[in-house]
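Please read them against the coordinates.

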Amino acid sequence: AAPPPRAPLMRWSRLWPFLRQALGRRAASRRPDLPRLVDRLARGETLRRLPRLRQPGWSPEIAILVDYSRSSRPFHEDFNVLLGALEKRHGRLGLSCRILAGEPGGRPQVRRPRGSASEDWPLPPPDTPILILSDLGALDGAPETQRGWQQFGQRLRRAGCPALALCPLPAARHAGELRRALTIVE
């Protein structure tokens, strides 16, 4: 008999609202914002366009960096399931997924899914949300790996790229500098 399916690290009902907020932005809907409309009319303002209600939604562009290092092997299937589900929820268009090829450092080498050639990872434009799936070197324990993640996190912060790291380990296991550079969620 086949083994039972693995339980996800976090319930989907909790994960989706969190990810949509963290990787999303508020956009104008088609529905008018009646309280704002009445307020503006009451103040005698000339309306050039109707104020619209804003609703949460996915950011049109999301950069994803996946760390399939040897130390994070127990979580590779969780990463894959999350990527597939995110693609279904967001849609493939606008998702830019890259796989870390080696240590992160200041300029990490990445490859495309199902690709083998490595290239420098160009940072996405500022304010593009970045999702990192990794243990951030905590399971490896090597000082150079942890320094590489710190350098990479600092580079993202300086570039104005908001990065969310979904990590299977508590944030407290990471150096303070890395916790200041990335939003780490276990």
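1. A crossing counts as right-handed if the near helix is turned clockwise from the far one by less than a right angle, and as left-handed if anticlockwise. By that convention, helix 1 and helix 3 cross in the right-handed sense. The model is a predicted one.

2. Helix 1 (residues 12-22) packs on helix 3 (residues 76-90) at an angle of about 60°, and the axes are 12 Å apart. The pair is therefore oblique, since angles of 65 to 115 degrees would be needed for roughly perpendicular.

3. Which residues make this contact? Helix 1 contributes Trp12, Leu15, Trp16 and Leu19, which meet Val81, Leu82, Ala85, Leu86 and Arg89 of helix 3. By class, the contact holds 8 nonpolar residues, no polar ones and 1 charged. In an α-helix, residues three or four places apart point the same way, because there are 3.6 residues a turn.

4. Gly91, with a positive phi near 100°, follows helix 3.

5. Buried residues of helix 3 are His76, Asp78, Phe79, Leu82, Leu83, Ala85, Leu86 and His90. Their cover includes helix 1 and several strands, among them strand 2 (52-58), strand 4 (95-100) and strand 8 (163-166).

6. Is Asp33 buried or exposed? Asp33 lies in the loop between strand 1 (24-32) and helix 2 (34-42). Its relative accessible area is 11%, so Asp33 is buried, the cut-off being under 20%. Leaving aside residues up to four places away in sequence, Asp33 touches Pro51, Arg52 and Leu53.

Terms used
Residues numbered from 1 in each chain as written. Predicted model: local features only at pLDDT ≥ 70, side-chain atom pairs only at ≥ 80, totals over all residues. Heavy atoms only, no water. Axes fitted to C-alpha atoms, helices over the stretch in contact; angles between N-to-C directions. Helix = DSSP H or I, 4+ residues; strand = E, 2+ residues; numbered from the N terminus. Parallel < 35°, antiparallel > 145°, perpendicular 65-115°, else oblique. Contact = heavy atoms within 4.5 Å. Nonpolar A, V, L, I, M, F, W, Y, C, P; charged D, E, K, R; others polar. Buried < 20%, exposed > 50% of the residue type's maximum accessible area, 1.4 Å probe, protein only.
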